[in-house]
Amino acid sequence: MGLFKRSKSSDTSASLKGNTNYDRSLDQRSNGARSGSTPAASRPTNGQSQTRPAQHAQPSIPEIPIPPAPNPREDPASYLRSIYAVRQQTQKVLVKAKKNELKHFKVDMTKFSDTASYVVSIIKRDYAPDFASIPPHGRWQHFDVGGTPRVDKLLASWTGVDQKERCRRLLDLFLVSVLLDAGAGSQWGYKAQNGRIYKRSEGLAVASLEMFTSGLFSSDMSQPCRVDGTALKGLTVGHLQEGLQVSTHNPLVGLEGRTGLLVQLGHAMDDRTFFGQEGRPGNMLDYLLSHPSTHHDPKPIVPLPTLWSVIMDGLGPIWPATRTQIGGRSLGDAWPCTALQTDQSSTWEHIVPFHKLSQWLTYSLIPPMQKLMGIHFAGAELMTGLAEYRNGGLLMDTGLILLRTEDAKRGLALYQQNAQIEGQPNTEVVPMFTPDDGVIIEWRALTVGFLDELLPEVNKLLGLQGAKKLNLPQMLEAGTWKAGREIAEIQRPITRGPPIGLLSDGTVF
């Protein structure tokens, strides 16, 4: 497993306490417990051990060992696939941005306080004064769109099933749903069984849940509410077209790409180490509970990098072969950034990883395991903000980052070209680019970097200190993601889309 491959100089391990602050923000869903704060992130020196105890941790949660970041000079592929690299590499882009050294964007730091104030206004409107009730960012909330507790109803329907199997089933559902959750485009909608129409992420969530309960992802019709590799391998574009209600009048961006991801997920399920003899995503639960890095004291405490290794190594085969590679090894959602490239650059130093779907998946898989199995995840603060268009759109729509004129012209030309294709958007014109364009890479890097910077400012403006501070997943959930969506509705009321268009294959954003 790549994340645990260490150099000779990095064979010592750090210690982390169970991340009780993150756990408390999950616990509030079921028992009303108040959440505390989690450090936005630590920035360990590559190959050196660090101690990152959770703040205000309960005494019953012991410190546990966690591996340091892989040494990029000795194993660059493992480093760029690690969770550590996301923050470290995007921070390099942010530093250059503040010096006006990026190729495609300018930064106006005079707008930083305006951006933070707008985020705070959204959080106060929806949660004041009970900020501790904010759940962590994750897929669970999307399933419950419209105030319908669909996940709880699903759990209640599984009578005669033990808690571990219930958790496996939710992991099955959440994993498939997240992989379907790339940008849907502004024209698509899903009519749910209750007759209501849902769009974008919530629409994809409800659609995936209803496909899940119909048995589309199970090869055993006596047990429809599960996912297995055999069923996934047999999926076709036609299956998803029908399940997602896609038509010429209801087009969905990247239908083929989404189908390909799920088919490749089916092949990934052949790895019995992670996914058991049944080839189910949910069997990762058994792997995590039995892993030697997991402590039982008495509840399970799993180092975040152990879960990350399941996502990156176990699901590695799902990524398109065209993605960035080093030494023939795919890096996943990682892209070369020309702003970091110099004459002295090595093969890895200019590559910026985002691992957006992998992080979105990790954020989404933690709540079911925490709520149903009482698992604590040590080191959850290593996770970053998500490099996606709602968070990134917020930065552009508030004027914090500005696309350079020559790039805007180039993007508008691509939009006009794409608009000639039947079914493609042709209103509320915005610059458009492909996922590998330098504009998109810089935009995503700035998104991750500025989310880290916004967190302490948001807490300051909310007047929250100590254990009452919001952690990053809470700010993403109640603040930046929602703020990005709402300001888009104001700026572009017809499409409600982001300020930059993406020619997506359904595997990015």
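This is a predicted model: local features need pLDDT of at least 70, side-chain atom pairs count only at pLDDT 80 or more; totals for chains, interfaces and linings use all residues.
1. Helix α16, which spans residues 389–397, has nine of its nine residues buried, so the helix is largely enclosed by the rest of the structure. Its buried residues, among them Tyr-389, Arg-390 and Asp-397, pack against β3, α4, α8, β13, α18 and α19.

2. Just after the helix, Gly-399 takes a positive phi of about 80°.

3. Asn-250 sits in the loop between α10 and α11, and it counts as buried because its relative accessibility is 13%, where the cut-off for buried is under 20%. A polar atom of the Asn-250 side chain lies 2.7 Å from the backbone oxygen of Gln-245; leaving aside neighbours within four places in sequence, the contacts of Asn-250 include Gln-187, Trp-188 and Leu-244.

4. Most residues other than glycine have a negative phi, and most peptide bonds are trans. With that in mind, His-355 has a positive phi near 50° in the loop between β11 and α15, and it is buried, with a relative accessible area of 1%. Arg-496, in the loop between α19 and β15, also has a positive phi, of about 55°, but this residue counts as partly exposed at 44% relative accessibility.

5. Two cis peptide bonds deserve a look: Ala-128 is joined to Pro-129 with omega about 0°, and Asp-297 is joined to Pro-298 with omega about -15°. Pro-129 is placed in the loop between α4 and α5, whereas Pro-298 is placed in the loop between β6 and β7.

Technical notes: Residues are numbered from 1 along each chain as its sequence is written. Side-chain values use heavy atoms; hydrogens and water are left out. Buried means under 20% relative accessible area, exposed over 50%, partly exposed in between (1.4 Å probe, protein chains only). Helices (H or I, at least four residues) and strands (E, at least two) are DSSP runs, numbered from the N terminus. Contact means heavy atoms within 4.5 Å. A polar contact is a pair of N or O atoms within 3.5 Å; within protein, one must be able to donate a hydrogen and the other to accept it, and residues adjacent in sequence count only if both atoms are side-chain atoms.
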